[in-house]
Amino acid sequence: MSAALDLQHGGLEVARLGKVFPGRDKPVIAVEDVSFHVEPRQVCMLLGPSGCGKSTILRMIAGLEQPSSGGINLNGNPVVGPHRERGMVFQGYTSFPWLTVRQNVSYGLRINGDAYALREGTVDHYLERVGLSRFADAWPHQLSGGMRQRVALARALATTPQLLLMDEPFGALDAETRWQMQELLLNVIRKERMTVVMVTHDVEEALLLGDQIVFLSSHPGRVRTMLYPPFKGDDAICTREALRTHPDYAPMERQILAMMREEGGH
């Protein structure tokens, strides 16, 4: 069943989205009546307790899962399956071990037959953006975990998607590397003017990266509240230090942590 969508409005529209999985005794409602809008060039963070359906929502936006109810459209076009207009970065390392860094980043362009982008230096542009120009001819096994995630990010960006989807892409990294990758991502998406939807369980990450935060309740996932970090219009907020010393940071962090505790107790 499709929900009525505002096809005149640019960006991403998620309308009354639901997902039900079959269960042993009865169906399991994973996501129920979720609606939100992401403006072009905004970063939207999906945040909430474990098991609230964050990744399920992201996979439906990617077209990897079909909704049980509701609908999704991107820039006026309904989402009915995977498409190159939506790039995806997963938590696990997804580089092809038999391809070099450059070959991994160009993979999507090659399978899409985008000879023009390959000729015009698109791969080199994104290798530079993520700081991997010096490692273009390296093999994935020669790279650290953080560098392999840079490869995955560059590969997703190289196909110039209308929407970048990220499922806890830094969750497997150590703390220091994760902070570096968060700051790198913030810099890249600002320069590339990207529209992003990202799943996270990290409150600080959500506040650093997000223009808006969709906070989901647990079991089933519903929109509990929408949050709009008041310091996101300030381009100076691009590091953890700047974020943590901003006067609006601590009150919003406390608000979110309190909701996390409430939902975790359900």
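Some ground rules. Residues are numbered from 1 along each chain as its sequence is written, and side-chain values use heavy atoms, with hydrogens and water left out. Because the model is predicted, local features need pLDDT of at least 70 and side-chain atom pairs count only at pLDDT 80 or more, while totals for chains, interfaces and linings use all residues.

Helices (H or I, at least four residues) and strands (E, at least two) are DSSP runs, numbered from the N terminus. Two strands pair if DSSP finds at least two bridges between them.

Let's start with the sheet of 4 strands. It is open, with the order S2-S1-S4-S5, and the pairing is antiparallel. Which strands are at the edges? Strand S2 (28-38) and strand S5 (77-78), and each pairs on one side only. Strand S4, residues 69-74, joins S5 through 2 bridges in the antiparallel sense. For Asn73, the bridge partner in S5 is Pro78.

Helix H1, residues 54-62, packs on this sheet. H1 touches strand S1 (12-21), S2 and S4; contact means heavy atoms within 4.5 Å. The direction of H1 makes about 120° with that of S1. On angles: axes are lines fitted to C-alpha atoms, for helices over the stretch in contact, and angles run from 0 to 180 degrees between N-to-C directions.

Now the other sheet. Here 6 strands form an open sheet, S6-S7-S8-S3-S9-S10, with mixed pairing. Strand S6 (86-89) and strand S10 (223-227) are the edges. Each has a single partner strand, so one side of each is left without a neighbour in the sheet. Ignoring direction, neighbouring strands of this sheet are turned by 15° against each other on average.

Take strand S3, residues 43-47. S3 pairs with strand S8, residues 196-200, in the parallel sense, over 5 bridges. Val43 is opposite Val196 in S8, and Leu47 is opposite Thr200. S3 also pairs with S9, again parallel, over 4 bridges. On that side, Leu46 has Val214 in S9 as its bridge partner.

How many residues of S3 are buried? The count is 5 of the 5, so S3 is largely enclosed by the rest of the structure. Buried means under 20% relative accessible area, exposed over 50%, partly exposed in between, with a 1.4 Å probe and protein chains only. In a regular strand the side chains alternate between the two faces of the sheet. In S3, Val43, Met45 and Leu47 lie on one side, Cys44 and Leu46 on the other, and all are buried.

Move along to strand S7, residues 163-167. Again 5 of the 5 residues are buried, so S7 is largely enclosed by the rest of the structure. Leu163, Leu165 and Asp167 point one way. Leu164 and Met166 point the other way. S7 runs parallel to S6, with 4 bridges between them, and Gly87 has Leu164 as its bridge partner. S7 also runs parallel to S8, with 4 bridges. There, Leu165 stands opposite Val197.

Next, helix H6, residues 145-158. Of its 14 residues, 13 are buried. Does the length fit, or what span should we expect? At 1.5 Å a residue, the 14 residues should span 20 Å, and the end C-alpha atoms are 20 Å apart, which agrees. The expected span is 1.5 Å times one less than the number of residues.

Gly145 is in H6, and at 15% relative accessibility it counts as buried. The C-alpha atoms of Gly145 and Gly92 are separated by 9.4 Å, although the two are 53 residues apart along the chain. Just after H6, Thr160 takes a positive phi of about 45°.

Last, a helix pair. The axes of helix H5 (residues 122-129) and helix H7 (residues 175-192) come within 10 Å and cross at roughly 135°. H5 and H7 are therefore oblique to each other. The cut-offs: under 35 degrees is roughly parallel, over 145 roughly antiparallel, 65 to 115 roughly perpendicular, and the rest oblique. From H5, His125, Tyr126 and Arg129 meet Leu184, Val188, Lys191 and Glu192 of H7.
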